Amino acid sequence: MVADLLVAVAAAGSAGVVYLAAAARVVKQYERGVLFRLGRVSGDVRSPGLNLVIPFVDRLQKVNMQIVTMPVPAQEGITRDNVTVRVDAVVYFRVVDAASALVKVEDYKFAVSQMAQTSLRSIIGKSDLDDLLSDREKLNQGLELMIDSPAVGWGIQVDRVEIKDVSLPDTMKRSMARQAEADRERRARIINADAELQASKKLAEAAQQMADTPTALQLRLLQTVMAVAAEKNSTLVLPIPVELLHFLERGGRPSPTDQDRGPAPGHTDGGPERHTDGTPPLPLTDTGDSLPVTDTGGSPQLPVTGTDGTPQVP
């Protein structure tokens, strides 16, 4: 009798252990458990820790509550300005309602992936190429809104959507490179022209200042010579001073003092040449007839003739 009782207790204990092993469920910290009893959701979502269920009656299904990083495959589309591009993105989402994620959608990850792809294609068709390349933050917000709207009913919260890369055809890349190069060249020319204009204005002011003060030009010349002489490996050629050039330029013309000086003795202003006593000289002729020559006292002198008999002027 006692042996039968001990066997029954041992059998009951073994059955209890088997039941506990079959009924015990452990939910991890980042998970939540949804209990289905005979196919229906029973009670609230089970929290992390040890949970007991009825074997063969209850089924506890765990849902990961961590943020899921899902890459969106590259989608090819035509932008609003008729440019073919390939755009890929990444979606960050997490489950906020475990029961809705299991009941309202068959596979919430697959559903979010398909919604992200269709939304990305829609964004490509509504945007220009410049917006895809430069205004990505606005497009990311639009994608997030388009994906999050239906996902809210599935118990899914979309945290962030990012466009990863925009692939362009090679011809479009070359065209954009030429456009960027031309724009940089235009800006460089404008900057150079502006610099030349400012420099010409300053040089004109400096030339005017030096024209008013000639000494400034000499000082500037000396400064230039000093700057050149600072380089020991250069040959210094000193230019001719400007004053010397002016002196040489005036050398072929009479000086103002010579023009102001009166006529030489024996000359009148524009009249014929006269002797010191005021008497005009006698004209000389090359004929055979010689005229008498008088001395300073007025007495006539005999003509002087050469060996051939021609008169000569003394």
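1. The buried residues of helix α3 are Y108, A111, V112, S113, A116, Q117, S119, L120, I123 and I124; buried means under 20% relative accessible area, exposed over 50%, and partly exposed in between, with a 1.4 Å probe and protein chains only. Helices (H or I, at least four residues) and strands (E, at least two) are DSSP runs numbered from the N terminus.

2. This is a predicted model, in which local features need pLDDT of at least 70 and side-chain atom pairs count only at pLDDT 80 or more, while totals for chains, interfaces and linings use all residues. Residues are numbered from 1 along each chain as its sequence is written, and side-chain values use heavy atoms, leaving out hydrogens and water.

3. The 19 residues of α3 reach 27 Å from the first C-alpha to the last, close to the 27 Å expected at 1.5 Å a residue; the expected span is 1.5 Å times one less than the number of residues. Its buried residues pack against β5 (58–64), β6, β7, α2, α5 and β8.

4. The largest nonpolar core has 36 residues, and V85, V91, F93, Y108 and I156 have the most contacts inside it. Such a core is a set of buried Ala, Val, Leu, Ile, Met, Phe, Trp, Tyr and Cys residues joined through side-chain atoms within 4.5 Å. Helix α3 gives the largest share of this core, seven residues.

5. Residues up to four places away in sequence aside, Y108 touches V63, N64, F93, V95, A101 and I156, where contact means heavy atoms within 4.5 Å.

6. Y19 lies in helix α1 and is partly exposed, with a relative accessible area of 44%.
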